[in-house]
Amino acid sequence: MTKLDQIRAAESRLLLDTYERNPILFVRGEGVHIVDESGTKYLDLLSGIGVNALGYGHPAITEAIARQSRALIHTSNLFYHEGQAELALRLTERTGLDRVFFANTGTEAWEGALKLARAHAGLLRSEGNEIGTRFLALEQSFHGRTFGSVSTTYKAKYREPFGPVVPGVDFVKFNDVADLRAKFSNEVCAILVEAIQGEGGIRPLTREFFAEARALATSTGALLIVDEIQAGMGRTGKWCAYQHYGILPDVTTLAKPIAGGIPLGAILCTEEAARAIHAGMHGTTFGGGPLACAVAIAVIDTIENEGLLAHATEVGDYFQAQLRSLAKRHEAIIDVRGKGLMLAAELDSADLAKLTVAEMLKRHILINCTSDTVLRFLPPYILEREHVDTAIAALDEIFTEHAVHASTQSAGGHNRG
Ligand SMILES: Cc1ncc(COP(=O)(O)O)c(C=O)c1O
């Protein structure tokens, strides 16, 4: 029995059956590559689902972990440490928002943002305004797995087994301005969007829809909350994807790459929204601990010192152009979209998308498929053109083989007929 077989057998007895893992045992990583127990290197175009922004083993991260772990790992939020204000300053300066709450994960940041919206609406009511408690979320949205998050997540499979979920959520058709207008009223305390939907298939909001959401929220005092957990922290070439639109939300949420793989999430908001929160209303034991903050500071400084926002834009544009030229050669690719290093190639069949992910894995390249038919690329920001070329050559080969296979099958079918 191999070590992997032993681990698989033990996990199947001991863990809740939540994940369909690929049968690979990873043991370490270097740069854009992750290495399995036999020493095989995989080109990682998924980076732990958009987490390992600086790749693997970046000295800025390993040194920050070593330094901070020797000094202080945890204090609780009953006391001060050096990291939170320093990190909050970096985040507020880069996002245009005023105040920060540190959580541990994406879903926890999103929960906090929903609570903030309800509390803010309560404050407005106490000041004599008419505003309700409902949320408007978008079709195909994904905001996480805890109760508030699944309640505002579109796909029924994430909500229904756990019902009743949090009430008061309506879903607006994606990028449908008329539907947004029809569903918005002063019953709504917040409009919830991802500037570029991640799990929903790398789908950017239109400028018109985003601007209308901003205008409607402003008209009643409702909050515009933008989930930047997947798109934020530089992945699209700007710190937040909403910055491509020139729109400032009232609240945003960050997580995934923020601390280079150490769990950390953040809610950022305006002074106006922050009026709703007072000591004791919200909190967490671990959120914003010294270790996570020190690493997040190192991640932000490295992104800036190494020019990785510009690099993500440049290599991302190259990647997208290569995908577009691949789409010209292969009819199976029906759309290419995204921004910076948050990219997708949509295929004409879910079976082909599944097959492509498996074939890429055989060629030691990690990608995944979201929303059934969408190949998703969320590589580390340190990706170079040569890595893009490797991935494109592999995709070209897979689609060519598939087309040959499909045409011999249909020729065979004709013969039989
Ligand atoms: C846009 C978005 N929001 C929230 C989440 C949930 O984050 P986490 O898995 O850290 O709870 C995700 C995770 O994929 C996400 O992509």
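The briefing below covers the chain as a whole, then a pocket, a helix and a cavity.

This is a predicted model, in which local features need pLDDT of at least 70, side-chain atom pairs count only at pLDDT 80 or more, and totals for chains, interfaces and linings use all residues. Residues are numbered from 1 along each chain as its sequence is written, and side-chain values use heavy atoms, with hydrogens and water left out.

**Overall chain**
- The chain has 14 helices and 17 strands (DSSP runs numbered from the N terminus: helices are H or I with at least four residues, strands are E with at least two).
- Its radius of gyration is 22 Å, close to the 22 Å from the globule rule for 417 residues, so the chain is as compact as a globular protein of that length (taken over C-alpha atoms; the rule is 2.2 Å times the number of residues to the power 0.38).
- Of the 417 residues, 53% count as buried (under 20% relative accessible area, with a 1.4 Å probe and protein chains only).
- Among contacts with a separation of 6 or more, 72% join residues 24 or more positions apart (contact means heavy atoms within 4.5 Å).

**Second largest pocket**
- About 920 Å³ of space lies in this pocket (an open set of points on a 1 Å grid over the protein atoms alone, with protein on both sides within 12 Å along at least five of seven lines; the volume is the space filled by probe spheres set on the points).
- The lining has 31 residues, and Gln84, Val100, Phe101, Phe102 and Ile277 are the closest to the centre (lining residues have an atom within 4 Å of a point).
- H4 (83-95), E4 (99-103), H5 (106-126) and E12 (265-269) each supply at least two lining residues.
- The largest share, 5 residues, comes from H4.
- By class, the lining has 17 nonpolar, 11 polar and 3 charged residues.

**Helix H4**
- H4 has 13 residues and spans 18 Å from first C-alpha to last, close to the 18 Å expected at 1.5 Å a residue (1.5 Å times one less than the number of residues).
- Its buried residues include Leu87, Ala88, Arg90 and Leu91.
- The buried residues of H4 pack against E4, E11 (251-254), E12 and H11 (290-305).
- Gly96 follows H4, with a positive phi near 85 degrees.

**Largest cavity**
- The largest cavity has a volume of about 30 Å³ (a set of points where a 1.4 Å probe fits but cannot get out).
- Residues lining this cavity include His74, His81, Gln84 and Phe286.
- The cavity lining has 2 nonpolar, 10 polar and no charged residues (Ala, Val, Leu, Ile, Met, Phe, Trp, Tyr, Cys and Pro count as nonpolar, Asp, Glu, Lys and Arg as charged, and the others, Gly among them, as polar).

Terms used: Buried < 20%, exposed > 50% of the residue type's maximum accessible area, 1.4 Å probe, protein only.
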